[in-house]
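Subject: Structure handover

Hello,

Here is the structure you were going to look at. Please open it first, then read the notes below it.

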Amino acid sequence: MTATLPVAGAKLVRAAAWGDLRADRGAVAGLLLLNGMASAAGLVGPWLLGRIVDAVRAGSGDVLGTVDRLALGALVFTVVQMLLGRWALAVGYRFGERTAGRVRERFLARTLALPPSVAEHVPAGDLIARGTTDASVVALTLRRAVPEVLVALVQAVFLIAAVLVLNPLLGLCGLVCFLGVGAALRWYLRRARPAYLTEAATGARLADVVTSTAKGARTIEALALEGRRAEAADRAVADARAARLRTLRLRTVLFPSFDVSCALPAVGVLLVGGALHANGLVSVGVVVAATVYMRQLVGPLDTLTVWVEQLQGAIASYARIEGLAEVPREELRTAASPTDDRIEVSGVRYAYDGGRDVLRGIDLVVRPGERLAIIGTSGAGKSTLARLLAGLDRPRTGSVTVGGTPVADLPADRLREQVVLITQDHHVFHDTVRDNLRVVKPNATDEELRGALEALGARWINDLPQGLNTEVGAVISLDGARAQQLSLARVVLADPHTLILDEATALLDPTTARETEQSLAAVLRGRTVIAIAHRLQTAHDANRVAVLEAGELVELGTHDQLVGAGGHYASLWTSWHGEYDGQDPRRQPGAARRAGQ
Ligand SMILES: Nc1ncnc2c1ncn2[C@@H]1O[C@H](COP(=O)(O)OP(=O)(O)OP(=O)(O)O)[C@@H](O)[C@H]1O
């Protein structure tokens with residue numbers, strides 16, 4: 001039983017990221033190529049500048065003409081670099097949009113494919129956070145950070161390579177000076193994550209204290225709690241202030257050290273270049289070009305610094321989204337087909353989330369076509385057994401089979417042809433009536449859809465403005481009875497041989513319940529019915545009655561057999577029947593009519 005959703009490990013994250021890159025490899029290749037070309041074009045300007053310096057220093061020939069030609073070349077290449085850079089970013093943004101869409105679609109598909117036994121047990125908030133906050137963080141990163149970081153990385157590599165090619169000694173000198181940038185970043189990143197998390201947490205705490213104080217103002221006044229609330233608010237303010245100061249301190253250290261560290265390589269190259277030139281080892285032009293390259297490295301490094309935290313957060317979010325891939329999938333379900341309609345429960349034990357067993361050693365055979373009522377006190381395990389019979393959960397030990405196949409192993413489309421659980425949950429999708437019905441049988445014809453509704457007496461379909469094409473849920477909302485009929489029509493279309501009823505009408509108002517019961521009767525005809533019975537009259541009318549007590553099946557037989565046996569059921573029946581002797585029990589209100597309660 002999964003109580004929390006998994007988070008993908010580093011290996012799975014790498015594999016998923018690689019898969020996303022491969023899925024759009026054309027764009028990735030284009031992005032790298034355009035970036036490479038833009039960066040190469042960007043290298044030409046400083047190199048030509050060096051040539052200009054050397055030409056002026058040499059002073060021979062047509063210096064002015066040479067300078068003009070070189071300057072024009074530098075201008076052209078700068079424009080080319082700018083255009084290619086813009087183009088690369090546009091390709092990158094589009095790649096980011098498409099990939100973000102792909103990640104969201106994958107998440108949605110995996111969420112929809114979650115086996116019911118998992119979907120019902122995971123914290124809904126966690127699932128929602130992954131689909132909203134985490135997906136937004138990943139989308140923003142893919143749209144903005146990934147293209148910009150890629151551009152910055154390619155530029156940095158080209159610039160470093162260019163200095164090394166110009167003069168390896170100058171290149172090495174520049175790289176050594178950049179160690180300062182690395183040290184500043186490392187210092188910052190180690191402290192930034194916990195500091196920003198604390199800042200967010202203390203901010204949230206302060207908001208919480210202020211809101212709850214405002215909301216509970218009357219209670220606080222009545223109980224004279226003003227002093228305590230003021231103290232709590234003061235503490236929250238102090239904590240939030242301390243956390244803000246800590247992140248501020250981090251920034252005040254990072255930014256100046258980053259700026260100084262970024263200036264060092266250019267200074268180093270100038271100093272070493274000057275010394276080399278004095279010894280006739282390099283020209284002034286080479287020193288100038290290398291210095292400009294070093295200065296240009298500041299831009300990409302700045303971009304990397306700005307996005308590095310975002311990237312860290314996005315990787316964590318990506319791992320949470322991809323974690324859904326580790327939940328067992330529907331494909332793991334069996335391909336075997338049930339041989340008949342017989343349902344067999346054998347030695348079943350079941351526990352929620354590793355707790356105590358709430359079903360203990362249940363053995364039961366449901367014969368095709370019979371009506372079986374299950375009764376028991378509140379908490380006896382009736383609903384749990386219903387979910388196991390419907391294949392929504394798996395027993396901890398033992399088996400629940402239909403026609404010899406474990407019912408929880410059947411794929412969803414085959415399962416609903418066998419067994420369907422009917423509860424009070426009848427969801428109406430914001431869609432047309434047709435699509436609301438076709439969710440269970442996508443190729444159903446309009447005649448079949450109308451036939452299913454008519455079988456339930458749902459004549460209101462003829463009054464809808466556009467018949468089956470009418471959008472329901474948003475503009476036209478269906479009342480309780482109609483929504484239940486729509487939901488039951490899905491059952492008619494799925495056409496299972498067995499229905500399990502759990503509280504299908506228990507909490508409806510009398511009018512709705514009456515209408516729903518009529519519709520229900522139409523659906524039940526000709527099928528095996530297992531009813532969690534809240535009225536002893538239902539048990540009386542069933543072919544057999546199963547009595548559950550504290551997770552055990554304590555009695556099983558016909559009404560007459562169980563009354564004759566003088567056990568648990570008999571005493572319930574006697575007390576209830578005696579209480580209402582001579583009256584129609586179906587017209588008695590109240591809890592006494594709820595079986596075993
Ligand atoms: N999601 C859950 N997580 C943990 N324990 C649960 C969960 N659902 C039910 N239980 C526990 O399992 C036991 C059986 O519950 P179940 O709902 O199957 O009983 P029931 O006979 O249907 O009761 P009722 O008639 O009140 O609906 C109870 O002790 C209940 O507290």
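Strand 6 and strand 9 (residues 498-502) run parallel and are joined by four bridges. Helices (H or I, at least four residues) and strands (E, at least two) are DSSP runs, numbered from the N terminus. Two strands count as paired if DSSP finds at least two bridges between them. Within this pair, V419 is opposite T498 of strand 9.

Before going on, note that this is a predicted model: local features need pLDDT of at least 70, side-chain atom pairs count only at pLDDT 80 or more, and totals for chains, interfaces and linings use all residues. Residues are numbered from 1 along each chain as its sequence is written.

L372 has R544 in strand 11 as its bridge partner. Strand 11 (residues 544-549) is in turn joined to strand 12 by five bridges, and these two run antiparallel. In that pair, V547 is opposite E555 of strand 12, and A546 has L556 as its bridge partner.

What lies between strand 11 and strand 12? They form a hairpin with two residues between them, and A550 in the turn has a positive phi of about 45°.

A second open sheet has four strands in the order 2-1-4-5, with antiparallel pairing. Strand 2 (357-366) and strand 5 (405-406) are the edge strands, and each pairs on one side only. Strand 1 (residues 343-351) pairs with strand 2 in the antiparallel sense over seven bridges. There, V345 is opposite L364 of strand 2.

**The ligand**

Which residues surround the ligand? They are Y352, V358, G376, S378, G379, A380, G381, K382, S383 and T384. A residue counts as near a molecule or strand if its C-beta atom, placed from the backbone, lies within 6 Å of it. Helix 12 (residues 382-389) gives the largest share of this shell, three residues. By type, the shell has three nonpolar residues, six polar and one charged. Here Ala, Val, Leu, Ile, Met, Phe, Trp, Tyr, Cys and Pro count as nonpolar, Asp, Glu, Lys and Arg as charged, and the others, Gly among them, as polar.

**Helices**

The axes of helix 9 (residues 226-278) and helix 10 (residues 284-296) come within 9 Å and cross at roughly 170°. That makes helix 9 roughly antiparallel to helix 10. Axes are lines fitted to C-alpha atoms, for helices over the stretch in contact, and angles run from 0 to 180 degrees between N-to-C directions. Angles under 35 degrees count as roughly parallel, over 145 as roughly antiparallel, 65 to 115 as roughly perpendicular and the rest as oblique.

On the helix 9 side, P265, A266, V269, L270, G273, G274 and H277 meet V284, V287, A290, T291, M294 and R295 in helix 10. Contact here requires C-beta atoms, placed from the backbone, that lie within 7 Å. The residues of this contact divide into eight nonpolar, four polar and one charged.

The unreviewed UniProt entry places the feature "transmembrane region" at residues 28-50, 70-89, 145-163, 169-189 and 253-272. UniProt positions are given in the numbering used here, feature names are shortened, and annotations may be inferred rather than shown by experiment. Residues 28-50 are 100% helix and 0% strand, with their end C-alpha atoms 34 Å apart.

Regards

Key:
Two residues are in contact if their C-beta atoms, placed from the backbone, lie within 7 Å.
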